[in-house]
Amino acid sequence: MQRCFELAQLGAGNVAPNPMVGAVLVHDNRIIGEGFHAQYGGPHAEVNCFQSVQTEDRSLIEAATLYCSLEPCSHYGKTPPCADLVIKNQVKKLVISNLDPNPLVAGRGVEKIRAAGIEVETGLLEQEGAWLNRIFFKWIQQKTPYIILKWAQSQDGFIGISGARTPISNPITQRLNHRWRSEISTILVGNTTAVVDNPSLNTRTYPGPNPLRIALDRHAHIPVDYHLFDDQQETWIYGPPRTGNWQNLQFLAPYDPFEIPALLEQLGQAQKSSLIVEGGAHLLKQFISQNYWDEIRVIKNAQMLGGGIAAPDLPVQLDLKNQFNLQDDQISVYVRRGAK
């Protein structure tokens, strides 16, 4: 199952709003096939897994165990039901980490496969599987984006110097940040961050898809020669329309004051299942104070700024999910207290 999770992660950023799924076919403690869901609308993990089995091993399928990180689908969507494919191949046993919360599946795949006489085991590494697909689970159950708040701060608790671009994290961590961007649907910054930092909000140091980038600009302060206006990726600007010939940029009516629920509703309508908020401090504090967050990622660098813009205070009700170091950066990942 751990191998299923590794494979599933390879689809990060390319399958949303669908889940990341990995599948491994094992005979006599030997992997004879494996696959993952690589592209939204493309073949599912089970399809790729069975197709990967070599000709000389195909006779072993009926005596093999199929491991899937998520319950095989049982309905016709962009692809045929994977439950039917499992039954067609008549594997000896199916082992699943998580049942699919999608109402179109929700245990029906397991029921169908069991009814065909195949042994099914569920719940293997269930919490690990739920963490892998936490974005999908929230999306399918609530139809609202999974919200990640992220900032980098100095050792003495500042995220920057007022009015000046202040790089804090090291180049290795910056590449990790671009990987994170490739794994989510949308990235948001406030007006001050957009004006002071001139951010690109892309994945330029990591080979992954760019997210939809959003900037708040209700007073039209962001210069049109900034990266946000480069027309290189899908972009929403909440502010007055500007003059220009853009193909990938939309101007939307600005919120005054900024309304988080309205933004989340628009993202839901656009089928955007995840959002990462990268600043600035005022915007991050709004999300925290109004309790709109699922995960918080804090990068703490060893440098001391001695003053500047204070980092947001962490909420009280949170747990440390993961913590690791990249050179002089400490990365901490927090979730809501009690979250799996």
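Buried means under 20% relative accessible area, exposed means over 50%, and partly exposed lies in between, with a 1.4 Å probe and protein chains only. This is a predicted model: local features need pLDDT of at least 70, side-chain atom pairs count only at pLDDT 80 or more, and totals for chains, interfaces and linings use all residues. Residues are numbered from 1 along each chain as its sequence is written, and side-chain values use heavy atoms, with hydrogens and water left out.

**View 1. R134 sits in helix α6.** Helices are DSSP runs of H or I with at least four residues, strands are runs of E with at least two, and both are numbered from the N terminus. R134 counts as buried because its relative accessibility is 19%. A polar atom of its side chain lies 2.6 Å from the backbone oxygen of W131. The R134 side chain also makes a polar contact with the side chain of Y146, at 3.3 Å. A polar contact is a pair of N or O atoms within 3.5 Å; within protein, one must be able to donate a hydrogen and the other to accept it, and residues adjacent in sequence count only if both atoms are side-chain atoms.

**View 2. Helix α6 is mostly covered.** Seven of its nine residues are buried. Among them are R134, F136, K138 and W139. Just after the helix, K143 takes a positive phi of about 55°.

**View 3. The second largest pocket holds about 930 Å³ of space.** Its lining has 41 residues, and the closest to its centre are Q9, M20, R134, E183 and R297. Elements that give two or more residues to this lining include α1 (2–9), α6 (134–142) and β13 (295–301). The largest share, four residues, comes from α7. The lining divides into 20 nonpolar, twelve polar and nine charged residues. Here a pocket is an open set of points on a 1 Å grid over the protein atoms alone, where a 1.4 Å probe fits, with protein on both sides within 12 Å along at least five of seven lines; lining residues have an atom within 4 Å of a point. The volume is the space filled by probe spheres set on the points, which are joined across faces, edges and corners. Ala, Val, Leu, Ile, Met, Phe, Trp, Tyr, Cys and Pro count as nonpolar, Asp, Glu, Lys and Arg as charged, and the others, Gly among them, as polar.

**View 4. Strand β4 (residues 93–98) is largely enclosed by the rest of the structure, because six of its six residues are buried.** Two strands pair if DSSP finds at least two bridges between them. Strands β3 (residues 65–70) and β4 pair in the parallel sense over five bridges. T65 has K93 in β4 as its bridge partner. Three bridges join β4 to β5 (residues 119–121), and these two strands run parallel. Here K93 has E119 as its bridge partner.

**View 5. Strands β1 (residues 22–27) and β2 (residues 30–36) pair in the antiparallel sense.** Six bridges join them. V24 stands opposite E34 in β2. Two residues lie between the strands of this hairpin, where D28 takes a positive phi near 50°.

**View 6. N202 lies in the loop between α8 (191–197) and β9 (212–216).** N202 counts as buried because its relative accessibility is 14%. Its side chain makes a polar contact with the side chain of R204, at 2.7 Å.
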